[in-house]
Amino acid sequence: MFTYLNEFLHRYNYPTKSKDELMDTYQQLQQTAKYSLFQDYVKVYQQDAVSSFKEIINGLQKIAEEENLKEYSLNLLYLILISKHLNEIYEDLQWSEEMYDEAMFDLKYSMIECYRVYRIWGNFKMEWELRFFALKRVALGRLQFELQEFSTFYNHKDNRLNSGDKVVSVYIPSSGPLRICDCEKSFSMASKFFRKDFKDKKIPFVLSSWLLNPMHRCVLSEDSNIVQFMNIFDIYEVEEEQPEEVLWRIFGHDWKAKPKALPRGTTLQKAYAEWLLKGTQMKKGTGVFFYTGDV
């Protein structure tokens, strides 16, 4: 496991400090009485027992508490070590190596988020990441996708969705700029990947995110990446969002500071800082678009 961990961290070009701390945490874990239990959890996934994920998450938390280890670092170590078996599953399914790499890069993106928010090289979104390992979610280029059931009713022009209809949910990893050309490639790949689930029907892509907050149009230019991305979707619902679900993405760990002290290095940071000063409620939008080959 030690060798595989080291190879993985180098393959995906983890920052030097993160590699050092993760390797150090793993060596500390090896010296504890709970190391064999950790190994058992890795073997559970190798046996395809994905139904045990909730038990494993709780078990990792207990190991961290009892052995005085960082829970989030232990989470990431576990995800990396079971990635070896995930690669074998991808090969059996004849899913491309590029798909596997994109999914594994998400571990790195999430680790950087974890460090920004908690100053820990680890993962605080275990249930999110395990969707990849349960083969529920796939990464296809810039975006990520998951086949789900629509939960409400939608009817606009010639497009209609009922509760229970199949849709493809869209997710945006924090992997850099949200360029429309990259998104177009992702939607094209996703349409091919999910085509069998929709046969000859148009594929409905659904996104629920702070990125679809209509207030962005008041502060961002029409040619900004975010506004262009918003324009892809018909935003049919806007609802209140909890600040903690949005603001760490804008400001990182420091978002709980007084609004006047928040960083204002970007247009979004300036806007959200002003909204906080005014007590403006955070919002998220939910939108849909039907893929026909054009975005």
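This is a predicted model: local features need pLDDT of at least 70, side-chain atom pairs count only at pLDDT 80 or more; totals for chains, interfaces and linings use all residues.
Me: Why is S169 called buried?

Reply: The relative accessibility of S169 is 8%, and buried means under 20%. The value of S169 falls below that limit, so S169 counts as buried. The residue belongs to strand β5, which covers residues 166–171.

Me: What makes the pairing of the S169 and Q148 side chains a polar contact?

Reply: The two side chains are joined at 2.7 Å. A polar contact requires a pair of N or O atoms within 3.5 Å, and the distance between S169 and Q148 meets that limit. Setting aside neighbours within four places in sequence, S169 is also in contact with residues including Q144, F145, E146 and V206.

Me: How do you know that the length of helix α4 is close to what is expected?

Reply: Helix α4 runs over residues 53–67 and holds 15 residues. From its first C-alpha to its last it reaches 21 Å, and the expectation at 1.5 Å a residue is also 21 Å. Just after α4, N68 has a positive phi of about 55°.

Me: Why are the buried residues of α4 said to line one face of the helix?

Reply: The buried residues in α4 are F53, I56, I57, G59, L60, I63 and A64. Viewed down the helix axis, they fall within an arc of 165°, so they line one face of α4. On the other side, K54, E55, K62 and E65 are exposed. The buried residues pack against α2 (16–30), α3 (35–46), α5 (71–93) and α7 (126–133).

Me: Why is E67 described as partly exposed rather than buried or exposed?

Reply: E67, a residue of helix α4, has a relative accessible area of 23%. Buried means under 20% and exposed means over 50%. The value for E67 lies in between, and therefore E67 is partly exposed. Not counting residues up to four places away in sequence, E67 touches T32, A33 and K34. A134 is 67 residues from E67 along the chain, and their C-alpha atoms are separated by 28 Å.

Me: What puts the buried residues of α3 on the same side of that helix?

Reply: In α3, the buried residues are Y35, F38, Y41, V42 and Y45. Around the axis they cover an arc of only 115°, which puts them on the same side of α3. They pack against α2, α4, α5 and α7.

Me: How do you know that the span of α3 is close to the expected one?

Reply: With its 12 residues, α3 reaches 17 Å from first C-alpha to last, against 16 Å expected at 1.5 Å a residue. D48 follows α3 and has a positive phi, near 65°.

Me: Why is K185 called exposed?

Reply: The relative accessible area of K185 is 55%, and exposed means over 50%. K185 is above that limit, so the word exposed applies. K185 is placed in helix α8, residues 180–193.

Me: Why does F229 count as buried?

Reply: F229 has 0% relative accessibility, and the limit for buried is under 20%; F229 therefore counts as buried. It lies in helix α10. Leaving out residues up to four places away in sequence, F229 touches I172, L178, I180, C183 and L207.

Me: What covers the buried residues of α12?

Reply: The cover includes α10 (225–230) and α11 (243–251). The buried residues of α12 are L268, Q269, A271, Y272, A273 and W275. This helix spans residues 267–278 and reaches 17 Å, close to the 16 Å expected. Just after α12, G279 takes a positive phi of about 75°.

Me: What makes up the lining of the largest pocket?

Reply: The lining consists of 48 residues, of which I172, S209, W210, L211 and R249 lie nearest the centre of the pocket. A lining residue has an atom within 4 Å of a point of the pocket. Helix α6 (residues 97–118) gives the most to this lining, with 6 residues. The volume of the largest pocket is about 1400 Å³.

Terms used: Residues are numbered from 1 along each chain as its sequence is written. Side-chain values use heavy atoms; hydrogens and water are left out. Helices (H or I, at least four residues) and strands (E, at least two) are DSSP runs, numbered from the N terminus. Buried means under 20% relative accessible area, exposed over 50%, partly exposed in between (1.4 Å probe, protein chains only). A polar contact is a pair of N or O atoms within 3.5 Å; within protein, one must be able to donate a hydrogen and the other to accept it, and residues adjacent in sequence count only if both atoms are side-chain atoms. Contact means heavy atoms within 4.5 Å. The expected span of a helix is 1.5 Å times one less than its number of residues. The arc is that of the directions from the helix axis to the C-beta atoms. On a 1 Å grid over the protein atoms alone, a cavity is a set of points where a 1.4 Å probe fits but cannot get out, and a pocket is an open set with protein on both sides within 12 Å along at least five of seven lines; lining residues have an atom within 4 Å of a point. Grid points are joined across faces, edges and corners, and a volume is the space filled by probe spheres set on the points.
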